[in-house]
Amino acid sequence: MRVPIRLIEVPVPGKNQLRMQEMGVRVGAQTFIVQHSAYGGLILNIAGARVAIDHRSAKAIQAEVMA
């Protein structure tokens, strides 16, 4: 079962911020985790698109479970 989540904090370096926002990885985005990688990364489904997040960024992103 995929649990929907909402991103509440997405701390990324300034040089990557615009690109992450273009891919939909931004505060308030509604998503769910499709897959966990062996090294701690994630694959998120954001608006029907799959977005891979490396382990360092995944550890920094904060999300809440949507009711």
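The largest nonpolar core of this predicted model has 13 residues, and L7, V10, V25, I53 and I61 touch the most other members. Such a core is a set of buried Ala, Val, Leu, Ile, Met, Phe, Trp, Tyr and Cys residues joined through side-chain atoms within 4.5 Å. Buried means under 20% relative accessible area, exposed over 50%, and partly exposed in between, with a 1.4 Å probe and protein chains only. Strand 3 and strand 4 each supply at least two residues of this core, and strand 3 gives the most, with 3 residues. V10 is in contact with V25, R26, V27 and I61 once its neighbours within four places in sequence are left aside; contact here means heavy atoms within 4.5 Å.

A word on the ground rules: residues are numbered from 1 along each chain as its sequence is written, and side-chain values use heavy atoms, with hydrogens and water left out. This being a predicted model, local features need pLDDT of at least 70 and side-chain atom pairs count only at pLDDT 80 or more, while totals for chains, interfaces and linings use all residues.

**The overall fold**

The protein has 2 helices and 5 strands, and along the sequence they follow the pattern β-α-β-β-β-α-β. Its radius of gyration is 11 Å, close to the 11 Å that the globule rule gives for 67 residues, so the protein is as compact as a globular protein of that length. That radius is taken over C-alpha atoms, and the rule is 2.2 Å times the number of residues to the power 0.38. Along the principal axes, the C-alpha atoms fill a box of roughly 35 × 25 × 20 Å. Of the 67 residues, 31% count as buried. Among contacts between residues at least 6 apart in sequence, 46% join residues at least 24 apart.

Helices (H or I, at least four residues) and strands (E, at least two) are DSSP runs, numbered from the N terminus.

The 5 strands form an open sheet in the order 4-3-2-1-5, with antiparallel pairing. Its edge strands are strand 4 and strand 5 (62-65), each of which pairs on one side only. Neighbouring strands of the sheet are turned by 45 degrees against each other on average, direction ignored; the axes behind this angle are lines fitted to C-alpha atoms, and angles run from 0 to 180 degrees between N-to-C directions. Two strands count as paired if DSSP finds at least two bridges between them. Here are the pairings, strand by strand:

| Strands | Sense | Bridges |
|---|---|---|
| Strand 1 and strand 5 | antiparallel | 4 bridges |
| Strand 1 and strand 2 | antiparallel | 2 bridges |
| Strand 2 and strand 3 | antiparallel | 5 bridges |
| Strand 3 and strand 4 | antiparallel | 5 bridges |

Some bridge partners are handy to find in the viewer. L7 stands opposite A63 in strand 5, and I5 has T31 in strand 2 as its bridge partner. Further along, Q35 is partnered by I43 in strand 3, and L44 by V51 in strand 4.

**Two hairpins**

Strand 2 and strand 3 form a hairpin with 5 residues between them, and G40 in the turn has a positive phi of about 100 degrees. The hairpin of strand 3 and strand 4 has 2 residues between the strands. A47 is found in that loop, and its phi is near 55 degrees, a positive value in a residue other than glycine. Most residues other than glycine have a negative phi. A47 is exposed, with a relative accessible area of 80%.

T31 lies in strand 2 (residues 30-36) and counts as buried, at 3% relative accessibility. Not counting residues up to four places away in sequence, T31 touches V3, P4, I5, L7, L44, N45 and I46. Its side chain reaches the backbone oxygen of N45 at 2.5 Å.

H55 is found in helix 2 (residues 55-60) and is partly exposed, with a relative accessible area of 36%. Beyond residues up to four places away in sequence, H55 touches Y39, G40 and G41. The C-alpha atoms of H55 and Y39 are separated by 6.7 Å, though these residues are 16 apart along the chain.

Definitions and conventions: A polar contact is a pair of N or O atoms within 3.5 Å; within protein, one must be able to donate a hydrogen and the other to accept it, and residues adjacent in sequence count only if both atoms are side-chain atoms.
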